[in-house]
Structures are given as structure tokens and as C-alpha cells.
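This report looks at how the parts of a structure are arranged and how they meet one another. The sequence and the structure come next, and the description follows them.

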Amino acid sequence: MTQTSPAPTTTGSGLTLSVRGLTVHYGGVCAVRSVDFTVGAGQAVGIVGANGAGKSSTLKALMGLVPRAVDALRLGDIDLTRVRARDMVRHGVGYVPEGRKVFAGLSVEKNLMLGAYARGWRRHSQQSLAEVYELFPVLGEMRARLAGALSGGQQQMLAIGRALMSRPRLLLLDEPSMGLSPKLVEDILAVLQRLSGEGMSLLLVEQNAKLTFEATTDCLVMENGQVAMTGSAHELRHDPRVRRIYLGL
Amino acid sequence: MRYRIGLVALLAVVAWGLPYGLNLYAMHVADVALVFAVLAIGLGLAMGVAGQVNLAQVAFFGVGSYAVAILTTHYGYGFWPAALLSLVATVVIGLLVGTPALRVQSHYLGIVTLGLAVAFTNWVTNAALAGGASGISGIPVPPLGGVDLSSDYLYWYVEVVVFAAALAFGLFVVRTPLGRRMRAMRDDSLAAGAVGAEVPMLRMAAFGLASVYGGLAGVLYAGLIRYVSPDTFSMTNMFLLLAMVIIGGRQSLVGCVVGALALSLLREALSDASTYAQLGYGVVVVLAVVFAPTGLAGLPARLRSGWRKRRGEGASAAVLGPFRPFPAAPQASAPVGPGPLLEVQQISKRFRGLWALREVSLSVGAGEIRGIVGPNGSGKTTLFNVISGLYRPSGGTVRLGGAPVGGRRPYQLSHAGLARTFQNLRLFNNLTVRENVLVAADRSRTRGIWRYAVWQVGVVRRDRALRARADAMLDQFGLSAFADALPRSLPYGIQRRVEIARAMVSGPRLLLLDEPAAGLNGEEVRQLGEIVRSIRDSGVTVVIIEHNMGLVMSLCERITVLASGEVIAEGGPAEVAATPRVIEAYLGDSAMSKDVPPVIATEVAQ
Amino acid sequence: MQVFFQTLIGGLSLGAVYALVAMGFSLVYRTMGLVNFAHGDVVMIGAYVASTFYMSAKLPFALAIVAAIVVTGLIGVIIERVLRPLENKDFDLMLIGTIGFGIVLEAVATLIWGATGRAVPSPVPAAPLDIFGIRVRTYNLVVLAIAALAMVALVLFLQRTKRGAAMQAVAMDYEAATAVGIHVGRSNALSFSIGAGLAALGGGLVGPLLYVNASMGGSLGIKGFAAAILGGFGSIPGAILGGLAIGVLDSFSAGHFQGYSDLVTFLVFTVIIMVRPTGVFGERTVNRA
């Protein structure tokens, strides 16, 4: 806890995620249609697009939280096609859900410790707790508070911190900027850049294109459940078609 | 139809002939079974049809019986006057027991009604007036001309007449406006309120009906056994009654009757092994809720659909017809008064300390199509919920046609000319498409249900008029081929269209559409645009929340943009799309706004 | 004064049993959103099993209760497993399913132990204790002490252990709980069996206070449930306070209205629910630990 020097890496080294032919149906609606992409080891990839384009469904389907069909899904050497949602974390996938979904009635620290649930509660969590508090000092100050009493930005930090507690090899983030002020979005960006710099593989789903283009190297643009464009964040940033997709022009 | 008449005739013959084939004991068993059938219809109406967890039905039964017993033996009333007063007493008690339903639902309601039922048995076992644990004997034989009703054989015919009338009335209620509204309320009380059903009144009506049947069964029972004691109205019998209704199929009155008769007879057949019987029906109840929630009554339909699936027949070959535009309203008829049709002033809404809406103001003129857009979580649906009366705003006012409507309930707003659809489709899933539309077509107030008691012809006439109106609306939307289908069995795009038809059949002045294009394919989105334009041309003002920006840009004259619960821009499509704050809200970067091609802006403005 | 205190102590010890029942209700509700109407019958089974081991197998009272906890815990697991397909789907059906289980348990109890019921002798000397001039049944104090211990143990379990925290996490957001690796089904089964175990403890303790018979589950279950609602459903401290309140209300209304105590208790309960559906001690944004 007394550590002040830069903490040892919160992350293990990132692994490569490859996805082929991911499809999601809700009732009769096809929310995601045969999507392919790869997140290289230590790479940060973004998925952008307007509301309802299927970004969030893609992420939930990767986690196995919604029924999916997929031709191939691998993280590093491991085949994830048949792994259940609750076991994803044991294979190194950390998930930051849309709308934070912190455990509102539990304390901040308990939330974080639950993040290490799959690794064993007390044995491994102390070190990781210290690292998360180093990354988000505000969580350390509020460790005894109930998570539900935190502000939106603090809850987002907590959700990310909780996912990091499992020492993931790949972090999935669903709309971390939702409902946050521009200042807080900057803070989130800084965190993502730092994690990326430490070698974590990141997959970021965002409506906020600016955040995504700054936090990632490569992006997919989704529209109507399909990948409409792919390219480097730098290229897409200056591509007027992105704006059309967003604003319907 | 002919098949049904034949079946009823056959049953009538069986009922008439039954006493000739039974010994005295069997006749008595049949008499008791029929009493339980009447009781079960009442429970079916409350629980299966109206969705009110009523665990006091046996207490209603008891109130009816005990009232007859007390009035005849203590106060010297004749049987029939006592019977009439007992019915009244049961209904009064029923409505009192039902009042908690206005505040709580589901398991809370279950425990409250169960507690009150226990309170009732507690009272009768202790009160001297009710004869204590030994009960009251010596209830007089009901006089009926020269017919000796002390004979279980002759009493059967009285019961058959009452039962037939009770079942017929129950079925009549289920198939006419009152029952449809109750079923709609059961499936989705929120949506039922939004299409104009007075949910509180309907809940009371459900308890009222349940108690009428309870009282009726109680009177019949008192006349049959001529002795009442607390055991008959115990919790064990309440759960037996519940098992009858669940096993028979709670949503079908005929199923309830079948369940009641079957379990009554089984109980008698196994009376030497009653505990095994109890074990048996307990197990069947558990199996039924897990594997056959629609009970025996639902089996034929399940078998049929299973059969079809096995034979590889897909869904019906029905096709969606084209939408036929509404007749355009004459230009002059538009004004409803000076000023805008919808005026939202400084509306704020807080949830647990977070502002979902902060001083949002907008005004929508009559005949306008207004788009409301914004990133996820910006408060768009919250705004709709405030306007349609689902949420009470923390501050601000809403005016509809100039009149303040703040604090009004959703059904009142529906009657004031507001209709809406929901982001995640809220159709009544156990009602057919036609019935979904019929519920909304019914513009009457629930207090008009007195007609059910005295003037059924009027109910039938009104129902016929509603059906004509609903069918016309289905035809207009090209949905006639699906009129008898259940919504869930239909493709998503068609369900969306049904929801719009349901909203339009109420003849609104203002229509709120919450993400109507979500989940639709390109062609369906095009048709949706056409439908919305036609609705507007017929004189209805439309406010639409939508993520499909192409649709919003082409459809709306004016667009209001929300972000973080505040209005950040308002204006024409091109104007809004060029506003830096909007681009920042969407893309996170206002700097990216500088190179919007001007060509596109002019395209949109057309 | 003497009568008042005796009634109060009697009410509190009965209330402690209601509190145990209510805690079981609350625990299951909080973790699964399910109201288990069979809970009262699980209490009854607990009372029978405990009394059988105590009276027939001559086990020490404490061991007999442990045996009862094991048996009812298993019953809890079975109920949860059978009704699992309905979880997060149809609330009313699930409620009716638990009523079905209640019917089954009552029948099973009648088959095993007969319909007549039994009186369980007190495991401690019957001579009342004299505390500051007030004579108190010793067993009442035993019940209060054990119930208090159980409550402390439950709260510690929920607050201090990994499984306890996981159970609460599942209740708050099962998707996020899944994402951190919690097996939601297993966690629910655990909470169901702990709830059933609490019921057995309540049943075992109530044996010497009341007459044990197959239909005792109804009234105990309803009162325990009423206690849970009164305290604000899902709140453990609320369940304890609600249980004690119902016990005292019961005990005093039995003193004042004799046979009509159930009537009075349920009328008062109904009025309270009408006025405050969220319970007296409960709040919508209840701090759930």
C-alpha cells in the first residue's frame, strides 16, 4: 500500500484475439451479421458506430452473455468458442460492461475484490488492489463507500478497476464514456492509453469516435450489424464517411 | 361453430341425465364438484385473466356460506333473501380484500390476501356468532315452489343452471371489452395503461368478479350441505383450489372448470389415501408450472404446434399487405387552439440524485413531425415517459393542446388524445393481434361496466362496433392476414407495425414513437417513413425518437438534440447536423465538424 | 408489569423464530428475486426432523438441529433446481410453483409423521429463571441467544466471505457477476439452501415452544413472510426487526384478544402494507448489507 514508485504492470502481456463469422440474433432480429476481426497482442482496437449499430451486441456475444453463432473465436492458443460467459475471465478476458454495472450495494473494495473472484479472493487480491488504487487514487480514497454512492465517473473507474483485478490478457470495454463529461472522458482516455502502453490487448466499443480514435490504433466502423469500414484510427479520423454514418447524412 | 353448439347440447344432455345414473353418494360428490367449479371460475377470472394473485378465494367462498348460515339461523331470514344479502356481503368483502392490489402486486398481494384469508378462518373458529370450531348447522332447505331441494338429485339441477349461467357470463366477460382489458393488464399493465385502460379500476373489478363467484359458490354450498364449519375454508382447500386452476389452465375458464371437476372427483376417489392425493396434486402443480404453464387447457394448442413443427410446416403463409395511407385531413381542420399542440416547459427528472433530464423545454406545433435524437443515456425515453405520464417530473410542466397535463395518469392522457409506442415493444403477448388493437380501440371508461350486470346487449353491440373499427385499422396497415396470430409468433418488423396500428386506433392527436425503426431492415424502414408521413398528413402530430439518422433527417422538419439530459440543439436537419455541439456529442470531437460537405446539407433541406 | 414483561419475553423469543424464517425469505428474495411460499413448510419439516432426532434417536438437541439443517438444505437445493428454468422469467408461475412444493412437503410430513402432531419437551430445565423479580422461561432465553448467534453468523458470512459477497453480487447484477466468474446458478442454490437451513433452525427451535404438526408451516410461513415485508423486503436487519415486531404483536394480541390474535395480526399487517409497501424499516434504495 505504501508503494509510490510506478507499480509493476497491472497487466500480464496481452494476447491475440481473433474472431471469425460472429453472428447474433435477438428474437427475429439479426443484430450482428458475420463479423470478422483480430486484436493483435498488445494492440488496441476500437469499434465505433451510431447507436444501435450492433457494437454492444458484438462485445456481449464475445463474452457469451447473449446467444451467438461464431465460426472461430480464439484468444492466444485457446479456443473460446465453447467457453461459457462465467469462465471467460479464467481464460484472461476482462469485461467492463455497458452502463458500468458496479455492485451498487457493496463497498468499493468489495467490488474490486469480487473482480479477483476467479483467482481466489484474499490470496491474490492484495497486490492487485494496491495496483488498482495506484491507477485510480480516487478509488483508494473511497474504498469503504458503497459503489452506488459514487459519481458516474468514479463508477466507471471502479468498473475498469474491477475488470483489471482478474489480471486479464484482453480487456473488453463497452461504452466507457457514456454519460461522462468531456473532462472525465479525457481521464478515461489516459487510463486506456496507459494500459495499452503496458502491453494489454484492448477492444473498445464506443460511440464517442474521438475517444476511440485517440485510444486505439485500428478501428472498425459498424452499421446495421455489419462492419461498414475498417482502417487505422488515423485514416478513419479524417474520413467524411464516418460522419455520414453517424449523422445519417 | 356448429361443432361447439353440438358439444354444448351434448353436455346439457349429460347434465340432465346424470342423476339417473348415479347413486346417492356419487350424486353428492357431483354436487360438491360443481360448487368448486363455480369457485374455480372466479379464481380463474382474478388470477388467470386479470393476473391478480388472489389467495383469498376460499375466504370469499366462506363469507358467502357463513353469511347464509348466520342470516338464516340467527336472524330468521328465508333462504333466498339471505342468499341475496350474502352475495352483497361477499362482494363488499371482496372489494375490501382487493384494495391492497391498488398498492402492491404479485407476491406481496399473494401474502396479503392469504393473510386475510387466515384472518377469516381465525374469526369463524372463534366467534360465537359463527358457531366456533363446530360451525353452524340447521340451515333451512332452500324453498323452490313444490320442488324438494333437500334431495341431492334435484339440487343438482339448480346447480347446473347456476353453473351454466356463471360460466356463460364468465366467458362473455373474457371475450368482450372488460375481459380484454383485464387480459391486457395481466400481460403488461404499463402498456395497458398507455392505451387507455384504467388499471386500478380493473384490479378492483377483478376482485369484485372473483368475490361474486365466491359468494355464489358459498350460497350453493350452504344450500347443499346445510352446515358450515371452518375446515371447509382452510388454507389446505385454498391450495387445492389453486391446484385445480393451475392444472386446468388458469387463463382458460373452461380449463379451470375441468381442473376443478377432475380434482374434486379424484379427491373423492382417493379419499382413503387423501395424503397421497395431496402429494400427487402438489407434484402435478410443480410439474405444470415448469413444463405446462397453460395447464390442461393449453395442451391442444401445444400438441398442434408441436405436430406442425414435426411436419416441418413453417409459420403461416400469411403475407404482410401494403399500408394504405390515411385520408389526408383538410388543411383547415388542423388548429386545435392557439399555440403548439405539445409544450414541454423546464421539465426535470431526478433518479436517486442523478439528473436524467434537466430543464428540458420544447414545443411541437400541430401537424409537425418532430425528431428527438441524442447519444445513449441522454434522456430521450425518460422524456417520453414523463410526457406520457409514466414518470412524475421533478419539476416543470407539460401542456397538451394548451391544457396542463402534469400529474395525470397514463390512461387519462390516452383519453386526452396521446398515444405512444415503446422502445422494446410492449405488445400484449397472450392476446391476438386483433385483440391488441381492440384493447386500444376501446375508448370507454371502466365505470361503464355496470352494463355487464344489466344490459349485456349493449355490451355486445359496442363490441361489434369496436371490432369493425379494429378490423378497418388492421386492413389499413396491411395486417389483416395476421389478425388471429399471437404477436410473438410474428417477425419483428410486423410486430413493430402492430404496435403503431394499436397506437393509431385510439384516434390520437399526438403520437409518440420510441425508436420505431430499431431492428427493421432497409425496406421496412422505407415503409415506416411512408406510414409516419401519412399519419401526420391525417392530422396527427408525431414526435419520434430514433437512432436511424437517415430516417430522422428525411422525415422530420425539426429535430431536437438531447445530450446528458439537456437540449443542446434544435432546428432543421441540416442546421442541427452542422452544429458543433451536436457533432461533439456524437463523435466526441467538435473539430471534426468543419468539413461537412455543403452538398449534403442542401440535399437534406429539401 | 410482571405480565407485561412475560408477554414481551415470550413475544421476543417467538419473534426471534419469525426473524430466522424472515431472514431465509429475505436471503432467497435478495439473491434470486423469488418469494418462496414453501418456506413455511420447510420450517415445519425442520421442526419434525429436529424433534425426531432429539426424541426418537436421542441425539443432543443441538446435534438434532444440525441434522435438520442438513436435511432442509438439501430440500432447498431440490426446490431451486426444479424451478430454475423459470428464474428471471415468469414471477407468478414461480410463486405458484413454490406453493406446489409447499403442498408436497405437507403431504410428505403427514405420510412420515402422521396427522396428529407432537409436543416436544424443552431441552433445558423447565423451571423458570428469576431475573430481577421477573420469572422467565429458560428456554425462551435459549431461543433468543441461538437466534442472535445465527443472525451474527449470517451477517458475517455475507460481509466477510467470498461466497457471501458473490451471493450479493449476483443479486445486484447477475450479468456483471457472471463476467467476474461467478457461477450464478450455484450461488443461487447456495443461498436457497442457507435460507432452508435457517428455516430448519427456526423450526427446530420453535418445536418446544409450539405444538409440532404438519400444518404449522402455513401460519409460521405467513408470519415470517409478513415479518420480512414489514422490515423491508431483502434487508437482513429489517427481517430481524420485522420478526421481533410480529412476534411481540402476536404475543400481545394473543394476550388481549385471545383467539383472535391471527385476525388482529394480519389486519394490522395489511394496513401497514397499504400505508408503506416498502416496509417500515425498508427503503427503496436499501443498503443491502
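## Terms and model

Buried area is the accessible area, taken with a 1.4 Å probe, that two parts lose on being put together, summed over both. The size of an interface is often given in this way, as the accessible area lost when the parts come together. The model described here is predicted.

## The two domains of chain B

Chain B is divided into domain 1, which covers residues 2-299, and domain 2, which covers residues 362-571. The centres of domain 1 of chain B and domain 2 of chain B, taken over C-alpha atoms, are separated by 39 Å, and the contact takes 28 residues from domain 1 of chain B and 33 residues from domain 2 of chain B.

Between them, domain 1 of chain B and domain 2 of chain B bury about 2,700 Å², with 62% of this area on carbon and sulfur atoms. Within domain 1 of chain B, the residues that lose the most area to domain 2 of chain B are Arg180(B), Arg181(B) and Val195(B), which together account for 24% of what that side buries. Across the interface of domain 1 of chain B and domain 2 of chain B, the rule finds five salt bridges. A salt bridge also joins Arg445(B) and Glu198(B), whose closest N and O atoms are 3.0 Å apart.

## A helix pair in chain B

Helix α10 of chain B (residues 235-248) packs with helix α13 of chain B (residues 295-310) at an angle of about 5 degrees, and their axes lie 4 Å apart. Because angles under 35 degrees count as roughly parallel, α10(B) is described as roughly parallel to α13(B).

The contact is made by Ile246(B), Ile247(B) and Gly248(B) on the side of α10(B), and by Gly295(B), Leu296(B) and Ala297(B) on the side of α13(B). Of the residues in the contact of α10(B) with α13(B), four are nonpolar, two are polar and none is charged.

## The two domains of chain A

In chain A, domain 1 is made up of residues 15-92 + 174-249, while domain 2 spans residues 102-167. Their centres, taken over C-alpha atoms, are 24 Å apart, and twelve residues of domain 1 of chain A are in contact with twelve residues of domain 2 of chain A.

The area buried between domain 1 of chain A and domain 2 of chain A is about 990 Å², and carbon and sulfur atoms give 76% of it. In domain 1 of chain A, Val89(A), Val191(A) and Arg194(A) lose the most area to domain 2 of chain A, together 38% of what that side buries. The rule finds one salt bridge across the interface of these two domains of chain A. Arg194(A) forms a salt bridge with Glu134(A), the closest N and O atoms being 2.9 Å apart.

Key:
Residues numbered from 1 in each chain as written. Chains lettered and ligands numbered in written order. Predicted model: local features only at pLDDT ≥ 70, side-chain atom pairs only at ≥ 80, totals over all residues. Heavy atoms only, no water. Axes fitted to C-alpha atoms, helices over the stretch in contact; angles between N-to-C directions. Helix = DSSP H or I, 4+ residues; strand = E, 2+ residues; numbered from the N terminus. Parallel < 35°, antiparallel > 145°, perpendicular 65-115°, else oblique. Contact = heavy atoms within 4.5 Å. Nonpolar A, V, L, I, M, F, W, Y, C, P; charged D, E, K, R; others polar. Domains from an automatic or database assignment. Salt bridge = Lys/Arg side-chain N within 4 Å of Asp/Glu carboxyl O.
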